[in-house]
Amino acid sequence: MSTPYAGAPAPGGEVCAVVLAAGEGTRLRPLTERVPKALCPVGNVPLLDRALARLAGLGLAGPERVAVNACYLGDQVVARVGGRAHLSVEPDAPLGTAGGVGRLRDWIAGRGVLVGNADAYLADPAAPPGPDIAALLDGWDGHGVRLLGRPADDPDAPGTFDGHEFVGFSLLPWRLVRDLPATFGDLVRAVWRPAEAAGALTVVPYRGTFYDTGTPADYLDANLHAAGPDGLVDPAATVTGRVTGSVVGAGARVDGDVDRSVVWPGATVAAGESLHRVIRAGDDLTVPAAR
């Protein structure tokens with residue numbers, strides 16, 4: 001299958017993709033007590049949909065080329081994915097990033113695998129989703145590990161790779177995937193650090209904006225970035241109050257004042273309420289997101 005990105009990795013063979021969407025999103029509680037983190041909307045689009053659109057921009061789509069894992073509130077993830085991808089529903093508790101990929105070994109079946117975190121928000125004004133990360137795949141030989149990264153504020157900080165912080169996508173060769181067990185583990189310890197020690201890890205710079213959306217503050221900032229300076233109000237929302245620089249979802253009703261905040265689909269802001277740098281979900285949940 002041909003792909004739209006330049007320099008398709010013929011030497012490395014066929015590539016499939018896995019979107020990791022099984023996590024609990026504990027730092028986003030209580031929002032994630034209602035919705036799994038992968039389905040939290042950013043700019044009125046669920047994060048998972050953004051990840052699938054980015055892969056589609058690389059020519060990776062459908063259950064033969066893309067898999068999604070699910071566990072926490074997994075029924076919601078399964079319903080959202082539908083027939084767009086192969087589904088791997090992990091029983092009991094999430095298996096972590098390595099275990100999630102390991103559970104998909106039979107589906108990956110000898111291919112290289114592009115692994116993306118569903119909660120990664122990426123935006124590059126110079127390229128649409130897909131082509132914006134195409135450098136991760138261009139010219140890959142199918143042997144080494146590649147990580148998408150951006151320069152870290154502290155290049156020597158723990159968790160960095162060659163002075164970069166990881167920004168949500170990695171490319172793994174089959175030779176390092178085929179022995180991953182379907183038990184709890186993370187890719188950092190199981191694959192990335194050993195590859196780094198062996199001189200087989202390359203960081204590919206990402207020039208755009210990245211938020212991991214793991215905290216209320218980062219989640220809010222990702223939404224505000226997606227909305228742009230004028231904000232984003234879904235046409236199916238009802239607004240009788242004042243909205244400035246905010247995101248308002250479909251079916252929401254805003255009769256109060258909302259400034260630099262996120263109002264989830266179907267949520268309400270009553271007359272007389274004034275929200276600033278918060279996330280409002282439903283009628284009764286307000287999560288502060290100040291830094």
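The largest nonpolar core of this predicted model has 65 residues, and V19, L48, V68, L114, L148 and W264 have the most contacts inside it. Such a core is a set of buried Ala, Val, Leu, Ile, Met, Phe, Trp, Tyr and Cys residues joined through side-chain atoms within 4.5 Å, where buried means under 20% relative accessible area with a 1.4 Å probe and protein chains only. A second, separate core of 25 residues includes V18, I108, A200 and L201.

As the model is predicted, local features need pLDDT of at least 70 and side-chain atom pairs count only at pLDDT 80 or more, while totals for chains, interfaces and linings use all residues. Numbering starts from 1 along each chain as its sequence is written, and side-chain values use heavy atoms, without hydrogens and water.

Beyond its neighbours within four places in sequence, V19 is in contact (heavy atoms within 4.5 Å) with residues including L48, A51, L52 and L55. Helix α1 (residues 47–56) is largely enclosed by the rest of the structure, because seven of its ten residues are buried. Helices here are DSSP runs of H or I with at least four residues, and strands are E runs of at least two, numbered from the N terminus.

Turning to the strands, β14, β17 and β20 form an open parallel sheet in that order. β14 (242–244) and β20 (274–276) each have a single partner strand, so one side of each is left without a neighbour in the sheet. Pairing requires at least two DSSP bridges; three join β14 to β17 (residues 257–259), and V243 stands opposite V258.

Methods
Buried < 20%, exposed > 50% of the residue type's maximum accessible area, 1.4 Å probe, protein only.
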